[in-house]
Amino acid sequence: MPSIDIVRRDENPHETVHGFRTDTASRGTDLAGAKITATYSDGTTETLTWIAYDPYTNGGTSGDNIEMSYGWDWHNLTTTKPLASLKIDLQPASSVFDTTYDYNDFPSGISTPGSKNGFPFELDTADQGVSGDITVTYSGTVNIAGSPAVGDIYTTMEIDFSQLPAGGFLGLLKWNSDIDTLEVPGDLLPSPATCLVRGTLVTTDLGEIPVEELKSGCKILTRDNGFQELVVTTSRVVEAPELRRNERLFPVRITAGALGAGLPKRDLLVSRQHRMVISSNIVRRMFASDVALVAAIRLTELPGIYVDDTVKQVEYFHLIFSRHEVVFAESAPTESFLMNHETKRTLPKAQREEFEALFPEAKLEIAAHLIPSNALQKELIRRHVKNDKDLLAPQTALQSTNVDGWPASAH
């Protein structure tokens, strides 16, 4: 009898607005569109798309060395070459894996509301003679919009057969796993990220270091508090299929010098909701503040700043300190991670709990500087465009006059 290790990872979070179909049931047709990645023991791979065989029940897929089918009871897998791992991504099918037995939200907090009875991967009794270890890993944790992920629903299941005696599975295998389907097709998107892109140079006490090389304890230069120790970084890779399905995940490119004052020194890529510092006389007149933090997507009205939809893959990094800070990326001032209702959902559950324990005073939730409302951010950028003013004016060039006639109290 094989040893089956079930692993649930709180990573690559997704969310749904409308939740699950009231008549959801595990059926092969509901997997139509799912992406299957088969990795063989010799290192070769096949990528397949699941299709429906009829309108009601059956579905499957096949490749050069693999065939899969499923109706409503057991999944059938046949391989003609040793299979090291099998990855099933249900997000394109608007379906999910339900990995707990609890019904709906009872007991409270254990099951996602609207989900039915569930269970993780299990082998058919006829396959109990398989020897060795099998690891089944769930990722892509799912939450209902407005609520944190419970940790029972996932988009992706990966079965690792590499610890079997032959280094992979060969032959016929039957298993079962519970599947729920969403009420609205397409209503299952990766949670938005707010962070810097791999390769971005961040200013530290040792000079400029790529964001992916930063570790806990690194001393990062901040605008307001000198060098501060980095508590932790988190990251997430967004690959081409996700980018095509969700254009919100393409980064904003801020070309060298586009902010003013020669900044950033090199092209800077950030996520759409990542906030940049704006410091100008327009900020002062609108908000009686030297600094405002504005989402990068709002800056795309300006020349040299645009959504870069040509990237094939992007890896986003959070920089997390004991409080919200302004750091320097490609020498341009920008924010660190700010914990709030929206950004909490982008973090794995375990990390949310860790941060709550580390920062009981919720310092992460206090913004380092003014964050105007969306409407005021738009108005701020409109005024810069109208008056052809840089977002980062040198301090010596800041004027005390209202450049476009709006009263200083117009908030």
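User: In this predicted model, where does A261 lie?

Analyst: The model is predicted. A261 has a phi near 55°, which is positive although the residue is not a glycine. As for its place in the chain, A261 is in the loop between β22 and β23.

User: Which two residues does a cis peptide bond join?

Analyst: P264 is located in the loop between β22 (252-254) and β23 (268-270). The cis bond has an omega of about -10°, and the residues it joins are L263 and P264.

User: Is D388 buried or exposed?

Analyst: D388 lies in the segment after α5 (374-387). Its phi is positive, about 55°, and D388 is not a glycine. A residue counts as exposed over 50% relative accessible area. D388 has 68%, so the class is exposed.

User: How many helices and strands are there in the protein chain?

Analyst: The protein chain has 411 residues, and 50% of them count as buried. Residues 24 or more positions apart make up 68% of its contacts with a separation of 6 or more. Its secondary structure comprises 5 helices and 29 strands.

User: Why is the pair of F161 and F169 tilted?

Analyst: Aromatic pairs in the model number 4. In the pair of F161 and F169, the ring centres are 5.8 Å apart and the planes stand at 40°. Planes under 30 degrees apart count as stacked and those over 60 as edge-to-face, with the rest tilted. The angle of 40° therefore makes this pair tilted.

User: What is the relative accessible area of F161, and what is that of F169?

Analyst: Buried means under 20% relative accessible area. F161 is buried, and F169 also counts as buried. The values are 1% for F161 and 7% for F169.

User: Which residues form one aromatic cluster?

Analyst: S177 touches F97 and Y138, among others. R9 has Y138 and Y154 among its contacts. The aromatic cluster consists of F97, Y138 and Y154.

User: How far apart in space are R9 and Y154, C-alpha to C-alpha?

Analyst: R9 lies in the loop between β1 (3-8) and β2 (14-16). Beyond four places in sequence, R9 touches T137, Y138, S139, G140, T141 and Y154. R9 and Y154 are 145 residues apart in sequence, and their C-alpha distance is 8.9 Å.

User: Is R9 buried, exposed or partly exposed?

Analyst: Partly exposed covers the range between buried, under 20%, and exposed, over 50%. The relative accessible area of R9 is 43%, so R9 is partly exposed.

User: What is the relative accessible area of S177?

Analyst: S177 is in the loop between β13 (169-176) and β14 (179-181). Apart from residues up to four places away in sequence, S177 touches S26, Y70, H75, F97, F119, P120, F121, Y138 and M157. S177 is buried, and its relative accessible area is 0%.

User: Which strand holds E46?

Analyst: E46 is buried at a relative accessible area of 11%. Its contacts beyond four places in sequence are I36, T37, A38, Y40, G63, D64, N65 and I66. The C-alpha atoms of E46 and I36 are separated by 8.0 Å, at 10 residues apart along the chain. The strand is β4 (residues 45-49).

User: Which residue lies over the face of Y40?

Analyst: Y40 is one of the residues in contact with E46. At 4.8 Å from the ring centre of Y40, the residue over the face is K81.

User: Which element supplies the largest share of the lining of the largest pocket?

Analyst: The largest pocket has a volume of about 650 Å³. Of its 26 lining residues, K87, D89, T156, E239 and E242 are the closest to the centre. Elements that each supply at least two lining residues are β3 (35-40), β8 (75-89), β11 (133-144), β12 (153-160), β21 (232-238) and α1 (240-245). The largest share, 4 residues, comes from α1.

User: How many residues of the lining of the largest pocket are charged?

Analyst: Asp, Glu, Lys and Arg count as charged. The lining also holds 3 nonpolar and 11 polar residues, and the number of charged ones is 12.

How values were computed:
Residues numbered from 1 in each chain as written. Predicted model: local features only at pLDDT ≥ 70, side-chain atom pairs only at ≥ 80, totals over all residues. Heavy atoms only, no water. Phe/Tyr/Trp six-rings, centres within 6.5 Å; stacked < 30°, edge-to-face > 60°. Buried < 20%, exposed > 50% of the residue type's maximum accessible area, 1.4 Å probe, protein only. Lys NZ or Arg CZ within 6 Å of the ring centre and 35° of its normal. Contact = heavy atoms within 4.5 Å. 1 Å grid on protein atoms, 1.4 Å probe; cavity = no way out; pocket = protein on both sides within 12 Å on 5 of 7 lines; lining within 4 Å. Points joined across faces, edges and corners; volume = space filled by probe spheres on them.
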